[in-house]
Amino acid sequence: MGASSPSGTKPSRSKSAFRTKSVEQSIRDTDDPEHGLKRALSALDLTVFGVGVIIGTGIFVLTGTVARDTAGPAVALSFIASGVVCALAALCYAEFSSTVPVAGSAYTFAYTSIGELPAWIIGWDLILELALGAAVVAVGWSGYVQSLLASADVTLPSALNGGTEDDWGFNLPATLLVLALTAILVYGVKLSSRFTAIIVAIKVTAVLLVIFAGMFFIKADNYSPFIPDKQPPEDANGGLKQPLIEWISGFEASTFGVMGIFFGAATVFFAYIGFDIVASAAEETKRPQRDLPIGILGSLAICTVLYVAVSLVVTGMQHYSELSTDAPLSDAFKATGHGNWAWVINTGAVAGLTSVTMIMLLGQSRVFFAMSRDGLLPKFFGETHPVYRTPYRSTIALGTVVAVVAGLIPLKQLAELVNIGTLFAFVVVSIGVIILRRTRPDLPRSFRTPWVPYLPIASVLACLWLMVNLPVETWWRFLVWMAAGFVIYFAYSRKHSRMGRPPAGSPPRPDGAAEQRNTPELL
């Protein structure tokens, strides 16, 4: 597999697509002023980042969709099931991020453990998923903002508000949001963390108000049955797409019951996407070995508790078959005759989706930056700003693309791609922990995933189970994108990879001893 020598300093320079990059070389790359990022984040910053990106679309939208379509009040169990899957993967992420505190998240972890081609595929996957996720959330943000404006009798022209299915329009609010957040990310990650802290405080306050205010309007009858054994009124399941497991086995996806909980878990998984993005900020963390595990596990735990509480309150306030799929939280309050809470929820949703969009932009730019620094993408994007020490070129380039996409295309049908891509990354990271434990037992690990290899194997199986519960169309789109990635890798990335060529001016040597020096050509 191209593993390093026991000393860990010998990078693989074979032509194999599975050549690995040593952990030591990955860490040395961060010391170069032109290619290294400024360390400014603490454990609190990372936890806020995690909560900031996790709480968003899931808690404000998906609760109603999953309760009505697949799980009923047991949507709370769907959130728990997804939370368990994420917790397994989070333990693996925590070990990797504290051992290899380098930008790139799952891409970097795969490069140091499995090999270059798997790392490229993961990086290629993450760029699409995070960019697409940011665009989708930006469009959702635009809808909430326009709803708030409408309550103040302010409306945008149809040509600038995103239009409708029958009347296309440019989504100006979504585009302006992405451009503004891109500017903040270019200026500095510390500013980004302060901005996120304010936004997170607003939306967590809104979520807590929903929980504690909604508790007074719960009706016990709405929880019966808690796990419905049949679908609700006639057309509630009309939009449910065929999961892969049904396509393969002929199993009825529309059946509620226990399987409905798992189908729901595959959908609400979108609500948890974000804790892994914390790992992409490893290179900008002051004490990554200590702070990254705290940020990853802490943000996941906080959000799981909030998700379960909100889903129990909302399904207790209004019968699951009557829940709105667009704005279930605010509409549940309206159904109980307390619509005055709607503005609080909508404000929290706007704040929530703002931070989600920004941190997804941050995550994708760091992955793109790391891949460029390794030569797998044009090295032009692998340099940092001389003053702000941020990957400004990759941030601006990707931010511009996302802004245009968010303005032009309603991406609702592609949202599931974010789920399958993230689950795929979780599978690779979990496998990577097992491999790196075997090939590099000498590495210092401030956080160690417990019960290796059993826990990582459980993580892989749990992720695969959620993946087969995703729609068949999602799998086809995912495979097409991955096929394009293979073509680009063999046509460009493999030839330009820094791991595929020796340092300029260095004669070939029988072993990797000379590779222990940090030569200028490698940086």
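A: The largest nonpolar core has 147 residues, and F60, Y93, W120 and F275 touch the most other members. A nonpolar core here is a set of buried Ala, Val, Leu, Ile, Met, Phe, Trp, Tyr and Cys residues joined through side-chain atoms within 4.5 Å. Buried stands for under 20% relative accessible area, exposed for over 50%, and partly exposed for the range in between, with a 1.4 Å probe and protein chains only. Helix α6 (residues 116–151) gives the most to this core, namely 20 residues.

The model is predicted: local features need pLDDT of at least 70 and side-chain atom pairs count only at pLDDT 80 or more, while totals for chains, interfaces and linings use all residues. Residues are numbered from 1 along each chain as its sequence is written, and side-chain values use heavy atoms, with hydrogens and water left out. Helices (H or I, at least four residues) are DSSP runs numbered from the N terminus.

Next, a helix pair. The axes of α2 (residues 43–54) and α12 (residues 288–317) come within 8 Å and cross at roughly 35°; axes are lines fitted to C-alpha atoms over the stretch in contact, with angles from 0 to 180 degrees between N-to-C directions. The crossing of α2 and α12 is right-handed, meaning that the near helix is turned clockwise from the far one by less than a right angle. From α2, A43, L46, T47, G50, V51 and I54 meet α12 residues including R290, D291, L292, I294 and Y307, where contact is heavy atoms within 4.5 Å. By class, the contact of α2 with α12 holds ten nonpolar, five polar and two charged residues. In this count Ala, Val, Leu, Ile, Met, Phe, Trp, Tyr, Cys and Pro are nonpolar, Asp, Glu, Lys and Arg are charged, and the others, Gly among them, are polar.

Most residues other than glycine have a negative phi, and most peptide bonds are trans. In the loop between α16 (416–439) and α17 (454–468) sits P453, and the V452 to P453 bond is cis, with omega near 10°. W451, in the loop between α16 and α17, has a positive phi near 55° and is exposed at 65% relative accessible area. R389 also has a positive phi, about 55°; it lies in the loop between α14 (342–373) and α15 (392–408) and is partly exposed at 27%. The bond from S224 to P225 is cis, with omega near 0°, and P225 is in the loop between α8 (189–214) and α9 (244–249).

Terms used: Helices (H or I, at least four residues) and strands (E, at least two) are DSSP runs, numbered from the N terminus.
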